[in-house]
Amino acid sequence: MRPIVLIGPANIGRHELRQRLMQDTDRFAAAVPHTSRLRKDGEFDGIDYHFISRQMFEHDIKETRFVEHGEYEKNYYGTSFAAIEAVVQSGKICILNLHVHSIPLLRQGSAGAKLKPFFVFVAPPPQTENLHRLLTLKNNGHSGEANTFTVADYQQIMDEANEIEAKFGHYFDMVLQMTDIESAYHELLAEINALEHEPQWIPSSWVK
C-alpha cells in the first residue's frame, strides 16, 4: 500500500486528521520514529521509538536514511525510510505528517520508486470566517481558544499555504480543503479506498 503523506501549513488540522485515520488500527499505522535519547520507564524499543546512539543517528543522517529529522533538547528525532517500509511490509497503510522539505527526498530516487508515496496537500478554506470556524472546531469547540488567533495569524496560515503550493504543488496527488476534520476525513478516506481499487498515475521514473 502507498504511504499517505499529509502536507500543509501549521495549525490547519493535519495532526487531528492523522489521528482520525489512525483510529482504524487494523488498516493504518504510523512509522516508529528513531531517537538518540535514553529510553524512559514504560517505553519499548521498536514500539515507542527505535532507540539508537547519537553516533549511530549521525551516521544514519550522513547515509540519508531519514526522510526527516531534527534535534530537540540535545536529542535527535527522525523518521527513517526503513520504518516507513516496515509499515508497508506489514500490509498496513502508513500515515505520515511531514515537513514540506521532505517531499523531494521522499518523492525522488530509489526511495520514491520503492515506496510510491501519495502526497495530500491539506489546504485552508478560502474565506477567513471559514478558517476561524475550523480553528474553533479544532480546539474542541472552545471559541475562546480560537479567538486568540489574530487576523495576522489567519493571514500567516494563508500565506504559508500559498507558498507551499507555489513551490511544491507539482508534487501533490490530492488537494484536500480543510473545512472541518470529519468532512476532510471522509473525503480522504474515499480517495484512499480508490487507491486500492483503481489505476493511479505515478511518475514514469518509478517504473523504470
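Predicted model: local features only at pLDDT ≥ 70, side-chain atom pairs only at ≥ 80, totals over all residues.
## Aromatic pairs

Across the whole structure, a search finds five aromatic pairs. In one of them, F57 and F66, the ring centres lie 4.4 Å apart and the planes meet at 10°, which is under the 30 degrees that counts as stacked, so this pair is stacked. Both F57 and F66 are buried.

The rings of F121 and F172 have centres 4.8 Å apart and planes at 5°, and this pair is therefore stacked. Because F121 belongs to strand β8 (residues 118-123) while F172 is found in the loop between α8 (151-168) and β9 (174-177), the pair ties together parts that are 51 residues apart in sequence. F121 is buried, as is F172.

## An aromatic cluster and a charge over a ring

One aromatic cluster is formed by Y49, F51 and Y77. Elsewhere, the ring of Y185 has the charged end of R20 sitting over it, at 3.9 Å from the ring centre.

## The buried face of helix α1

Helix α1 spans residues 14-22, and its residues R14, L17, R18, L21 and M22 are buried. When the helix is viewed down its axis, the buried residues of α1 fall within an arc of 135°, so they line one face of the helix.

The elements that cover these buried residues of α1 include the strands β1 (4-7), β2 (28-29), β7 (93-97), β8 and β9, together with helix α9 (181-197). Strand β8, which is among these covering elements, is also the strand in which F121 lies.

How values were computed
Residues numbered from 1 in each chain as written. Heavy atoms only, no water. Phe/Tyr/Trp six-rings, centres within 6.5 Å; stacked < 30°, edge-to-face > 60°. Buried < 20%, exposed > 50% of the residue type's maximum accessible area, 1.4 Å probe, protein only. Helix = DSSP H or I, 4+ residues; strand = E, 2+ residues; numbered from the N terminus. Lys NZ or Arg CZ within 6 Å of the ring centre and 35° of its normal. Arc of directions from axis to C-beta. Contact = heavy atoms within 4.5 Å.
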